[in-house]
Amino acid sequence: MNKKLFYILVIAGIITAGILSIGLGAVHIPPAEVAGILANKITGSVGGANQQHEAIVTIVRLPRLLLGLLAGAALGISGASIQGIFRNPLAEPGLIGVSAGASLAAVAVIGLEGILFAGLSNLLGYYLLAFGAFAGAGVTALIIYNISKHEGRPNITTMLLAGIAINALAGALTGLITYLATEQQLRNITFWLLGSLGGATWQTIITLAPFVLLPAILLPFSGKALNAFSLGEAQAGYLGIDVDKVKKHVILLSTMAVGAAVSLTGIISFVGLLVPHIVRLLIGVDNAHVLPASALSGALMLTLADLIARTIIAPIELPIGVITALIGAPVFLYILIRDKRKLMI
Amino acid sequence: MLTVNNISFKVGHRTLVSDVSFSIRPGEMVVLLGANGAGKSTLLKIIAGMHKTENGQVLFNGKLLGEYTTSDLAINRAVLNQQNNVSLPFTVAELVMMGRYPYFKNSPSANDVNVVDEVMKATGIAQMAGRSYLTLSGGEQQRVQLARALAQLWQQKNSLLLMDEPVTGMDILYQQQTLAILKAMARRGHMVICVLHDMNLASHYADRVIMLKNGRKWYDGSPHETLQPKPVYEIFEIEADIVINPSTLKQMIMPREVAFNYKQTLNPTDMETTQNNLKQRYTEYKAANPKKRIREIAADLNISEAELVATGIGETAIPLKKDFENLLKRVPELGYVMALTRNEYCVSERKGVYEKISFTPHAGLVLGEDIDLRLFMQHWQFGFAVSENGRRSLQFFDKAGTALHKIYITDKSNEEAYQNLLNDFVDNSLKAISVAHKDDKHNAEMPDEAVQVEDFQTAWKGMGDSHEFFGLLRRFNVSRTQALRLAPEGFAKKLNAENFKKACELCAGNHIPVMIFVPNHGCIQIHTGNIDKLVEMGPWYNVLDPEFNLHLRMDAIAETWHVVKPSTDGDVNSIELYDQQGEMILQMFGKRKPGVPELNEWREVVNGLEIAIEPVN
């Protein structure tokens, strides 16, 4: 597919899905009115719109949309970068321990709340959860990174294996806490582990934005370097790429984006793995395009997934991670079977 | 210009590359041959800047390899690996464009696009530009990778192409075309080093062949010289017939059939058999020419001195462990001995006691009053305790079997200490030795125009110590005789060889103490003191004093120089003798110590020479 056309379609898709997403829900707001309210917000003019609808849009649905866009962009671009660095199309941000660390920390916060954090109000609770998850993601990624370091440089194979081991360890500890949790805690844990955009407020958006936007802007500059990585680290070095610097740079920025996103949304599986693959099938493998395109496509995919999660059996809301996995896994399998030869995994 | 100086590379205790030196000029296509595991790929990786060596250095276009940044290197050398796994299905054009990555930041320039087009046409892959790399056959992939490497240096003169088995997996037409392209690149002013397994391709396309064995350079020469049955057998352990291709007049190498015999093992007794044959020849030759010395016999038989000594293992020769540093540290226990160091045309023999022995990463030092040596241990390969005609000595040789240094026991030496030393350092496992092919010094000199003469002359005048001279040579990549030729006005004067004799006579007559340096690549022996009895016998000019003997072949002296090196203690004057190859035969200074200006008498002697005897042109 023509790259320009692809970008136009994805951006158009995001706008359409955004307007739909703001309009649909328990209270139905027609697309024209949504557009009017948004236009009012942007231009600063008052009046004309239904006050209740305006409140629903600005306080509930717009932040939720933005959280979806940011988290989706973070997962998409990190997935593409991590696959490039690891020279492995099956890699995803979870490999460097971000998800497992975030999960462990989040589950610990929920499960041990009564014992360790007694007296914390619900208001603080949400932030504690988010902060804990972010810290968990960062610390785990740091541990895996340090284990993989040999003579000052990260060894990618060791990193992959260390990631598997640390993921298993974190998974076991998460399981242990889950086993000891109360009924109510168990519901919270499950909800968090399956992901949700329900926690979106303007506060969380403002907190999250720099953590996602900075990597989303900086990572595409490593596109050329990641292309060279596909020839192997040695050859990338011969082509003038500072291999160690690129590795550190990409791992840091990816961890930052995914860690921040996951800490606010919980685990949303398959976006980071699937999005780059679809993008490559459509516009080719040049990372200079794959990285930004994965950010945009991730944003679109998560917005659509959230739309489905909220509306498919309304008023009940499904966890978004369930939707992404339910749709993502078959799509991924379909791609695998269709392009077995081409992917040569 | 690429100059590789004595590089070695180890992984753990395994030495993969050992003491390899050579240099390459732009325009040259060099093929590296060797069996599996001979160190070819490792050597390429060192030159590519991927492996850092502890010993030796690589000079690339006048700069040490380590001083290049990653991006500087990327526009001056390209590498084609043996293995080329690509993890994503790039198109052929995208992959070739990667060769241009060092030249642009975000998007390629028009020139980059042009280069990619040209290279794809030249390598015959233009028609597959849009295809996915992963769907190509192995040979096609290899061509795409070649194109990528060529694109990286297409417009860079004097750059270096390192190709590790570039034709693997290609059909016969593309093998030929690939080598033709590489040769054309060389002719356009690139340097090409190419690892091949096919000796016939090497014979047709190489300008020069370097053969490696066990990490060492074994042969280095034209295809005509190297692709011969003996080298081929030594390198690959196959019997081959060499025939001349009637249409190209190039050699063709035809390996003979090998029968598989599962009982056959590579047998160390083969080496012993060879040695026994040699021993017989040696014995017969010695009987026929009783007056000849071992060094002369070795030359006559076209065999190394060490190999001749080794024929005496079990009788006249005891092999020593290759732990020479520790062995040398024990030599002071022997007391009063005679140290002998020689090169092709000069022998220095000095009696005394070994004292103050130490080893630095650069050189070993013996700093006694009598015995004063600089030792370059990386060249020391074989050691024997030899007992012949009632004279006992410790003898040390380089990897080619050439003698580097000998220590003779005298009447005043400590017998018991000598026995103890032998007991501690005997190597009973060694029954026979195998020596490397002698290095034909391929020290291709840079043309004078390529030397930054002004900077060089300024640096010469700015020397603070005569020891800096060696660094100066390396920095400007000039040979010794070239340096003298390009020296600043008044700092190097060419003399007549007779001037050296004159200087000796003046010093002897006036009791002026001197320092005489006799070097070879493994050892420099320095005599400090007076010289007295001067005797000329045939071509030999000799000093025959009780403690110091010097034997010098006057007819081998090709150049004689009076050299002045500035130092913080004032100018240092020396007389230096060189042979036809530009190798130093001898160097003479006035006696001096650091911090003390040299003797005035010596200055008068040296500066008076030009007046005494007419200088040559």
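Chain A has 16 helices and two strands, both taken as DSSP runs numbered from the N terminus (helices H or I, at least four residues; strands E, at least two). This is a predicted model: local features need pLDDT of at least 70, side-chain atom pairs count only at pLDDT 80 or more, and totals for chains, interfaces and linings use all residues. Residues are numbered from 1 along each chain as its sequence is written, while chains are lettered from A and ligands numbered from 1 in the order in which they are written.

Of the 345 residues of chain A, 51% count as buried (20 or more other C-beta atoms within 10 Å of the residue's own, C-beta atoms being placed from the backbone).

Now take one helix pair. The axes of α4(A) (residues 98–111) and α8(A) (residues 183–194) come within 9 Å and cross at roughly 160°. The two helices are therefore roughly antiparallel (over 145 degrees). Residues S103(A), A106(A), V107(A), I110(A) and G111(A) of α4(A) meet Q185(A), N188(A), I189(A), W192(A) and L193(A) of α8(A). Contact here means C-beta atoms, placed from the backbone, within 7 Å.

Chain B holds a sheet. Its four strands form an open, antiparallel arrangement in the order β2-β1-β4-β5. Strands pair if DSSP finds at least two bridges between them. The edges are β2 (14–24) and β5 (63–64) of chain B, each pairing on one side only. Seven bridges join β1(B) (residues 2–11) to β2(B). V11(B) stands opposite R14(B) in β2(B).

Methods. Buried ≥ 20, exposed ≤ 12 C-beta atoms within 10 Å, placed from the backbone. Axes fitted to C-alpha atoms, helices over the stretch in contact; angles between N-to-C directions. Parallel < 35°, antiparallel > 145°, perpendicular 65-115°, else oblique. Contact = placed C-beta atoms within 7 Å.
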